Amino acid sequence: MRTPLLVASLAIGLGLSGQARATSLYKLSNAQLVDASELIVRGTVTEVWTEKDERGVWTHAQVEVQRVLKGDPSTELIVLEQMGGIWSSEATLVEGVARFDVGEEAYFFVEHLNSNRSVPVGMFQGKFNVLIDPYTREEIVHRYHVPVRMDYDHRFLPLPAEADRVEIYDFEDQIRERMLLGWDGNPIPGVSNEKLRRISPAQTIDLEGASR
């Protein structure tokens, strides 16, 4: 299912020169996120900044990696990039991007583009914040989309409904299980079948989950 992105028009309201970008966002399942990712990590955002090129303003987020679930296990630092942001008096604003805040801890599903940029898979869909459940004191994951018209502070993300809380151990198990299964052969918008075969090769697994 394709869901059109809403185009933000904040530049005028903020007294900034700039542009709004329109694109389309496809709703991805967690399995598709795993299949389409070349790198899946848990890490902490240590720096956020913007830069401008001929296409507009880009937001960059530096992530210090704590654990690699998929991809190069030696990865210690990554820089995620997305179109959009405010640079000096110019703004390029796109709805649907992931939001970044220094100090937040999250799981990042990453795709490496031919332009040498690394981006979250499915924009905001490729980022799951790590929260503490105040009742169980266990770590849980929560994907929450904050529109570009709103300020973003990771310390004030709402707690998901009790039925929707997923502990990190279960979340990581789901990722590993999908990696063992591999890509199921169904197309994923925005990713070529050739690339999917290369980064998520299908495997046959037994009932105990051991590959063979």
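Arg178 has a relative accessible area of 15% and is therefore buried; the term buried denotes under 20% relative accessible area, exposed over 50%, and partly exposed the range in between, with a 1.4 Å probe and protein chains only. The model is a predicted one, in which local features need pLDDT of at least 70 and side-chain atom pairs count only at pLDDT 80 or more, while totals for chains, interfaces and linings use all residues. Residues are numbered from 1 along each chain as its sequence is written, and side-chain values use heavy atoms, with hydrogens and water left out.

**Overall architecture**

The chain contains four helices and 13 strands. These elements are DSSP runs numbered from the N terminus, helices being H or I with at least four residues and strands being E with at least two. Of the 212 residues in the chain, 44% count as buried. Among contacts in the chain with a separation of 6 or more, residues 24 or more positions apart account for 63%, a contact being heavy atoms within 4.5 Å. The accessible surface of the chain is about 11700 Å², and carbon and sulfur atoms contribute 49% of this area; the areas come from the Shrake-Rupley method with a 1.4 Å probe, and for residues only the protein chains shown count as cover.

**Salt bridges**

Side chains of opposite charge can pair when their charged atoms come close. A salt bridge is taken as a side-chain nitrogen of Lys or Arg within 4 Å of a carboxyl oxygen of Asp or Glu.

| Salt bridge | N to O distance |
|---|---|
| Glu38 and Lys195 | 2.8 Å |
| Glu172 and Arg176 | 3.1 Å |
| Asp184 and Arg178 | 3.5 Å |

The bridge between Glu38 and Lys195 links distant parts of the chain: Glu38 lies in the loop between helix H2 (30–36) and strand E4 (39–53), and Lys195 lies in helix H4 (residues 193–199), 157 residues apart. Both Glu38 and Lys195 are buried.

Glu172 and Arg176 are four residues apart in helix H3, so about one helical turn separates them. Glu172 has 7% relative accessibility and therefore counts as buried, whereas Arg176, at 39% relative accessibility, counts as partly exposed. Salt bridges also join Arg67, Glu172, Asp173 and Arg176 in a network.

**Aromatic and charge–ring contacts**

Rings of Phe, Tyr and Trp (its six-membered ring) pair if their centres lie within 6.5 Å; planes under 30 degrees apart count as stacked, over 60 as edge-to-face and the rest as tilted. By this rule there are four aromatic pairs. The rings of Tyr107 and Phe171 have centres 5.2 Å apart and planes at 65°, so this pair is edge-to-face. Since Tyr107 belongs to strand E9 (residues 105–112) and Phe171 to helix H3 (residues 168–181), the pair ties together parts that are 64 residues apart in sequence. Both Tyr107 and Phe171 are buried.

Phe109 and Phe171 form an edge-to-face pair as well, at 6.2 Å centre to centre and 75° between the planes. Phe109 lies in strand E9 and Phe171 in helix H3, so the pair ties together parts 62 residues apart in sequence. Phe109 is buried at 2% relative accessibility, and Phe171 is buried at 4%. Ring pairs link Tyr107, Phe109, Phe128 and Phe171 into a cluster.

The charged end of Arg117 sits over the ring of Trp58, 3.6 Å from the ring centre. This label requires NZ of Lys or CZ of Arg within 6 Å of the ring centre and within 35 degrees of the ring normal.
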